[in-house]
Amino acid sequence: MTSTSIPRNQGVSLDIPEEDTLLIIYDDEDINEAIHACSRSLIGRIITEKPIHTNSLQNALAGIWCNPKGLKIEEIQDKTFQIFLEEERDVDRVLRGSPWLFRNSWLILKKWERGREIEDMIFTHVPIKIQLWGLPPHCKTPKMGMKIGANIGKDGINWIDFQYERLPQVCYSCGLVGHDEEFCSKKSATETDRDDDIKGLGPWIRAS
């Protein structure tokens, strides 16, 4: 037996004082159907400052994911969506492909978990592949690749050119994804006339 306390301002309309709450007691049988559907769903957030329309997102992802059975998308928060699928294999396949690109913005996916609030989910880190250029032949080993990957972004003596694969919209001024330099709130007036070579970011970080 499970119980939950639901504040009156969340849709319960009863003639009770504002400071009171309504206590609803329910069994798992009452929510089995919804739990079953959610167990085959993903929570996704699009990293962008542009408006996103659910219908456009659903149509695009249906094509990208080869029309998986039972695909349904609902917006649950601003730019955060719950994506329902009927087949567990489709859930696993789509999750393994994260992050996906939608209109040049990352769609980051997490598996739905009962009891975990959407606000507690972290959408700030994604795995991303890079290409290394100019690496000496004798350094092209898996162990060397792991060491280089672990130290990207840190200060060092030897420089290696690298490019990011499947990179979404990114600001070359502040380095954040989701907007470009034109709409960067962190870009200072002094940066406007700076050479791209000084900033270290530019179109060359994208793998073709």
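This is a predicted model: local features need pLDDT of at least 70, side-chain atom pairs count only at pLDDT 80 or more; totals for chains, interfaces and linings use all residues.

Reply: Leaving aside its neighbours within four places in sequence, Gln 82 is in contact with Cys 38, Ser 41, Leu 42, Ile 43, Lys 72, Ile 73, Glu 74, Ile 76 and Trp 112. One of these, Ser 41, also makes a polar contact with Gln 82. That contact joins the two side chains at 3.0 Å.

Is Gln 82 buried or exposed? Its relative accessibility is 10%. The cut-off for buried is under 20%, so Gln 82 counts as buried.

Gln 82 lies in strand S5, which covers residues 80-84. S5 pairs with S3 in the antiparallel sense, over five bridges. Gln 82 is the bridge partner of Ile 43. Phe 81 in S5 stands opposite Gly 44. Ile 43 is also listed among the contacts of Gln 82.

Next, look at S3 itself. S3 runs over residues 41-47 and is mostly covered. Five of its seven residues are buried.

Step back to the whole sheet. It is an open sheet of five strands, with antiparallel pairing. The order is S4-S5-S3-S7-S6. Strands S4 (72-77) and S6 (100-102) stand at the edges. Each has a single partner strand, so one side of each is left without a neighbour in the sheet. From one strand to the next, the twist averages 35°.

Two helices pack on this sheet. Helix H2, residues 54-64, touches S3, S4, S5, S6 and S7. The direction of H2 makes about 135° with that of S4. Helix H3, residues 88-96, touches S3, S6 and S7. The direction of H3 makes about 135° with that of S7.

Back to the starting point. Gln 82 is a buried residue of strand S5.

Key:
Residues are numbered from 1 along each chain as its sequence is written. Side-chain values use heavy atoms; hydrogens and water are left out. Buried means under 20% relative accessible area, exposed over 50%, partly exposed in between (1.4 Å probe, protein chains only). Helices (H or I, at least four residues) and strands (E, at least two) are DSSP runs, numbered from the N terminus. Two strands pair if DSSP finds at least two bridges between them. Axes are lines fitted to C-alpha atoms, for helices over the stretch in contact, and angles run from 0 to 180 degrees between N-to-C directions. Contact means heavy atoms within 4.5 Å. A polar contact is a pair of N or O atoms within 3.5 Å; within protein, one must be able to donate a hydrogen and the other to accept it, and residues adjacent in sequence count only if both atoms are side-chain atoms.
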